[in-house]
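Thanks, everyone. Let me put the structure up.

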Amino acid sequence: MIDESLNVSSYIVYDLEWNQPQSRESSAYRKVGDRLTNEIIQIGAVKLSPDNLAPLDTFTTVVKPRYYRKLMDRVRKITHLTESELEEGPGFAEVIREFRRWCGDDAVFLTWGPDDTSVLRQNLDFYGMEIQWMTHWYDLQLIFNRQTGNSGQKSLAFAAEHFNIDQCLPLHNALNDAYYTALVCEELDLETGIATYPNLAEHRFTSSAVSVKNQMFDGFESKLDALRDSRVRLTNCPDCGEKMLSKAFTHQTTNKYITLAECAEHGKFLVQVRFSRGKTLKAWKTVYRANDDAEKMYLARLNEKKAKKAKTAAK
């Protein structure tokens with residue numbers, strides 16, 4: 001199943017667990033701010049043969065947090081990890097060096113959904129570590145949706161149930177989740193999925209872009225309420241601090257919206273707002289340096305939105 005254009009040595013299916021600050025007023029958050037909104041505490045991965053997707057090896061470790069050492073109640077509950085267990089683990093830089101050695105060269109990375117890659121890139125960027133070794137990355141959720149006729153965000157548990165995969169191991173353990181994702185891989189036409197990967201401009205951008213600013217805003221009643229809020233709607237240039245001219249927000253996925261903003265001196269930026277709901281609705285705002293692929297992605301999404309509106313109006 002090897003894609004000759006990529007010269008694949010192996011497929012790396014990986015999953016992460018991470019912790020977050022107790023609050024924006026915590027001493028840990030005040031030290032790092034929006035540069036590290038999610039700190040990785042566990043990595044699990046399965047290495048697959050590019051020829052037949054047979055499992056070759058596994059990688060798993062906890063990661064000792066440097067900043068968010070107190071686990072959020074939700075994180076402790078779903079991962080069953082403890083602070084004492086994490087304190088015994090190696091630090092992030094050591095884990096990544098070992099993980100890269102284990103992955104080898106010319107690996108293609110696969111995840112369920114985009115969040116793990118976004119969080120890993122933020123952690124790599126925060127510690128000043130190289131990112132380009134992860135250039136070839138694919139979101140299996142998009143491939144799953146295209147090949148099964150589903151749409152929107154689908155959980156890993158949903159995909160496992162769809163393929164009648166026995167879920168005997170608990171979810172929200174990084175290695176277990178990577179294992180289930182690898183089993184889903186076996187049920188997909190992965191070669192075709194990669195060759196016809198959805199939204200190639202979007203993939204090229206998100207697989208290489210590095211965020212330059214991250215912010216989290218809380219307490220919204222709805223997505224529309226958040227997108228109308230000036231903190232979310234307006235963006236200052238990360239380089240000079242001047243207010244940028246921004247276009248209209250449009251959907252990227254069900255829980256993500258994007259817009260283009262431009263600084264007269266420092267150029268264009270892609271602004272992404274991702275929503276998550278706990279007790280209230282949170283908006284995670286990330287600013288990326290934009291390139292041609294980012295602009296193509298935004299314009300494609302905007303045109304889709306306009307086409308849907310026109311179709312609705314014509315009915």
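Start with Ser49, which counts as buried because its relative accessibility is 8%; buried means under 20% relative accessible area, exposed over 50%, and partly exposed in between, with a 1.4 Å probe and protein chains only. This is a predicted model, in which local features need pLDDT of at least 70 and side-chain atom pairs count only at pLDDT 80 or more, while totals for chains, interfaces and linings use all residues. Residues are numbered from 1 along each chain as its sequence is written, and side-chain values use heavy atoms, with hydrogens and water left out.

Ser49 sits in the loop that runs between strand 2 (39-48) and strand 3 (55-62); strands are DSSP runs of E, at least two residues, and helices are runs of H or I, at least four, numbered from the N terminus. Beyond its neighbours within four places in sequence, Ser49 has contacts (heavy atoms within 4.5 Å) with Tyr11, Ala54 and Leu56.

Cys185 counts as buried, because its relative accessibility is 0%. For Cys240, the nearest cysteine sulfur belongs to Cys263, at 3.8 Å, and Cys240 counts as partly exposed because its relative accessibility is 31%.

Methods: Disulfide = S-S within 2.5 Å.
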